[in-house]
Amino acid sequence: MSAEIWWRLTKPVSRPVPASGPRADPDRNPARVLSAIALASVAAGAINIAAAATVGRGSTQDLAFFSAVASAQLVWGVVTTGQAPRWWLALGAAGNLVVVVIWVVSRTAGLPVGKYAGVTLPVGFPDGLATALEAVIVAGAAALMVCGDGPVRSLAHSPRVAVAAAVVAAALTLAGVLSQADAFGSSPAGSGQNGPGGVTGPYAPGTSGGAPRAAATRVEATEQPSPA
């Protein structure tokens with residue numbers, strides 16, 4: 001038997017990589033990121049709906065702001081569960097970045113205009129959670145725009161990650177909505193969550209019960225009779 005015949009008989013047979021192998025779907029990792037930010041957008045929108053239903057009852061400005069933000073986040077998140085072209089990712093990143101900037105300014109220097117102009121609002125759990133989710137959306141959408149060229153498909157290409165992200169998003173949504181509705185009871189003393197006269201004003205992204213309290217304190221101070 002010649003060496004050539006022996007080599008052909010003993011040469012290992014190469015087998016094709018199964019279609020379900022790790023290299024079969026190069027879009028799997030982008031799909032996982034897209035699933036996460038899509039569900040994060042839905043969760044943030046739900047928290048902002050709760051803010052519109054609570055804080056918005058006493059202010060047309062707050063009602064309009066939270067309703068608009070919540071509607072945009074819910075629509076963006078639902079559409080993104082299917083697929084997202086680059087322009088759609090850019091729209092979501094830009095919109096949520098604006099909301100994050102508004103929240104940061106309102107909690108540091110105070111907004112320059114509006115009902116709470118010049119008032120530094122306190123940081124609460126629901127508004128902090130919603131802002132964290134919005135920051136995740138901005139980071140994830142920006143990463144997908146930098147790394148990808150075409151539209152990214154979501155849930156169908158990452159079912160396990162989608163289910164895990166849905167569970168986490170549902171838990172965060174429930175916690176944020178219940179906290180926004182003050183379902184956990186009154187806040188600790190000095191937190192600024194209770195409004196004047198004992199009326200509860202739950203925290204919310206963009207506003208809170210702390211601002212009415214501060215405004216009321218200033219009004220009370222100006223109404224005190226001067227000493228004789």
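## The second largest pocket

A pocket is here an open set of grid points with protein on both sides within 12 Å along at least five of seven lines, and its lining residues are those with an atom within 4 Å of a point. In this predicted model, the lining of the second largest pocket consists of V69, A72, Q73, W76, W88, L91, G92, G95, N96, V98 and V99. Two elements, α3 (60–80) and α4 (86–108), each give two or more residues to that lining, and the largest share, 7 residues, comes from α4.

The space in this pocket amounts to about 180 Å³. By residue class, the lining divides into 7 nonpolar and 4 polar residues, with no charged residue among them.

## The largest nonpolar core

The largest nonpolar core has 22 residues, and those with the most contacts inside it are L34, I37, W76, L89 and L133. At least two residues of this core are supplied by each of α2, α4, α5 (125–147) and α6 (159–180).

For L133, once its neighbours within four places in sequence are left aside, the contacts are with A40, A43, A44, I47 and L172.

## S41 in helix α2

S41 lies in helix α2, which covers residues 28–54. This serine counts as buried because its relative accessibility is 1%, where the cut-off for buried is under 20%. Leaving aside neighbours within four places in sequence, S41 is in contact with Q73, L74, W76, G77 and I137.

## S71 in helix α3

S71 has its place in helix α3, and with a relative accessibility of 42% this residue counts as partly exposed, since that class falls between the limits of 20% and 50%. The side chain of S71 reaches the backbone oxygen of S67 at 2.8 Å. Considered against the sequence, S71 and I49 are 22 residues apart, while their C-alpha atoms are 8.2 Å apart in space.

## A162 in helix α6

A162 is placed in helix α6 and, at 10% relative accessibility, counts as buried. The pair A162 and T81 is separated by 81 residues in sequence, and the distance in space from C-alpha to C-alpha is 9.1 Å.

Conventions: Residues numbered from 1 in each chain as written. Predicted model: local features only at pLDDT ≥ 70, side-chain atom pairs only at ≥ 80, totals over all residues. Heavy atoms only, no water. 1 Å grid on protein atoms, 1.4 Å probe; cavity = no way out; pocket = protein on both sides within 12 Å on 5 of 7 lines; lining within 4 Å. Points joined across faces, edges and corners; volume = space filled by probe spheres on them. Helix = DSSP H or I, 4+ residues; strand = E, 2+ residues; numbered from the N terminus. Nonpolar A, V, L, I, M, F, W, Y, C, P; charged D, E, K, R; others polar. Buried < 20%, exposed > 50% of the residue type's maximum accessible area, 1.4 Å probe, protein only. Contact = heavy atoms within 4.5 Å. Core = buried A, V, L, I, M, F, W, Y, C linked by side-chain atoms within 4.5 Å. Polar contact = N/O pair within 3.5 Å; in protein donor to acceptor, adjacent residues only side chain to side chain.
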